Amino acid sequence: MTLQQEIVGNAMQMAVVSLQPGQTVYCEAGKFLFKTTNVTMETRLSGPAGSGGGQPQGGGAGGMGGMLRQAMGTAMQVGQRALAGESLAFQYFTSTGGEGTVGFAGVLPGEMRALELDGTRAWFAEKDAFVAAESSVDFGIAFQGGRTGRSGGEGFVLEKFTGRGTVIIAGAGNFIDLNPADFGGRIEVDTGCVVAFEEGIQYGVQRVGGLNRQGLMNAVFGGEGLSLATLEGNGRVILQSLTIESLANALRKAQGGDKQGPTGGLFSTHAG
């Protein structure tokens with residue numbers, strides 16, 4: 001059953017979802033805005049059905065062993081989300097007794113996007129991009145390991161969406177859709193500008209310039225720090241025009257607490 005949704009608004013968009021009787025959509029805790037009275041709301045730690053979390057929380061196939069496996073699976077999901085700094089719980093909304101309506105929003109001023117998964121390709125998104133999805137979409141955590149994860153900052157932890165159905169994501173500022181294949185197969189972007197990309201896109205992090213005078217000038221005065229994200233391959237990439245770091249710097253500056261100075265992001269200090 002296709003999820004009927006409409007993204008409305010400008011500076012800070014929201015998604016208005018129409019649920020058919022018995023249809024369920026889930027969101028990360030803190031992304032819910034409103035609902036009609038015939039939509040039930042349930043908060044639980046387990047993920048959606050495809051992740052093993054959508055089954056009833058009682059007995060069933062497998063008896064005690066099945067319950068134990070389900071509990072261990074839920075604990076692993078919660079542990080992954082805790083390590084990633086994500087919300088520990090999901091909120092589930094189901095329409096009863098007719099069509100219902102639920103509203104969701106992100107946490108920063110910016111755009112939202114509905115992604116349609118057909119079961120052949122996963123989508124990856126930066127932390128906190130997830131807003132809501134129908135219950136046929138699985139939410140997981142992908143850890144970007146090794147050198148890329150250590151040097152990439154925002155790129156260390158990614159949200160992963162698999163299955164079939166609609167998933168709604170949000171970011172800061174305005175979105176632009178690109179395909180690296182249209183630009184010679186590779187693009188380089190600020191690590192904080194990546195919102196989401198399709199499976200098949202190779203994501204990495206590289207140093208800004210060499211360890212020479214110009215490389216140090218780029219890192220120290222260019223505002224990008226020492227690394228850029230690289231995206232290679234043929235597939236859809238979504239970038240955002242506003243990074244969380246630049247928004248935080250602007251707010252500190254407005255409050256008279258800007259510590260960044262002329263050296264860009266490399267030696268900036270955070271108030272608090």
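Mentor: Phe32 stands opposite Phe104 in S7. Strands here, like helices, are DSSP runs numbered from the N terminus, with at least two residues (E) for a strand and at least four (H or I) for a helix. What we are reading is a predicted model, in which residues are numbered from 1 along each chain as its sequence is written. Local features need pLDDT of at least 70 and side-chain atom pairs count only at pLDDT 80 or more, while totals for chains, interfaces and linings use all residues; side-chain values use heavy atoms, with hydrogens and water left out.

S4 and strand S7 (residues 100–105) run antiparallel and are joined by three bridges; two strands pair if DSSP finds at least two bridges between them. They belong to an open sheet of four strands, ordered S1-S2-S7-S4, with antiparallel pairing. S1 and strand S4 (32–35) each have a single partner strand and stand at the edges, so one side of each has no neighbour in the sheet. On average, neighbouring strands of this sheet are turned by 20° against each other, direction ignored. Such angles, which run from 0 to 180 degrees between N-to-C directions, come from axes fitted as lines to C-alpha atoms, for helices over the stretch in contact.

Leu3 is buried, with a relative accessible area of 4% (buried is under 20%, exposed over 50%, and partly exposed in between, using a 1.4 Å probe and protein chains only). Beyond its neighbours within four places in sequence, Leu3 is in contact with Val17, Leu19, Gln23, Val25, Glu134 and Thr166, where contact means heavy atoms within 4.5 Å. Glu134 lies 131 residues from Leu3 along the chain, and their C-alpha atoms are separated by 6.8 Å.

Let us now turn to charged side chains. Side chains of opposite charge can pair when their charged atoms come close. The whole structure has eight salt bridges, each a side-chain nitrogen of Lys or Arg within 4 Å of a carboxyl oxygen of Asp or Glu. In one of them, Arg44 joins Glu42, with the closest N and O atoms 2.9 Å apart. Arg44 is buried at 17% relative accessible area, whereas Glu42 is partly exposed at 41%. Another salt bridge joins Asp177 and Arg236 (2.9 Å, N to O). This pair links distant parts of the chain, 59 residues apart: Asp177 is in strand S13 (residues 175–178), and Arg236 is in the loop between strand S17 (227–232) and strand S18 (237–240). Asp177 is partly exposed, at 34%, and Arg236 is partly exposed, at 31%. Both also belong to a network of salt bridges that links Glu111, Arg113, Asp177 and Arg236.

One backbone detail deserves mention. Asp128 is not a glycine, yet its phi is positive, about 75°. Asp128 sits in the loop between strand S9 (123–126) and strand S10 (130–134).

Finally, consider confidence. The protein chain has a mean pLDDT of 79, with 68% of its residues at 70 or more; pLDDT is the predictor's confidence in each residue, from 0 to 100. Over residues 145–155 the pLDDT stays under 50, and the model has 16 contacts beyond four places in sequence for this stretch. Residues 266–272 are also below 50, with twelve contacts in the model beyond near neighbours in sequence.
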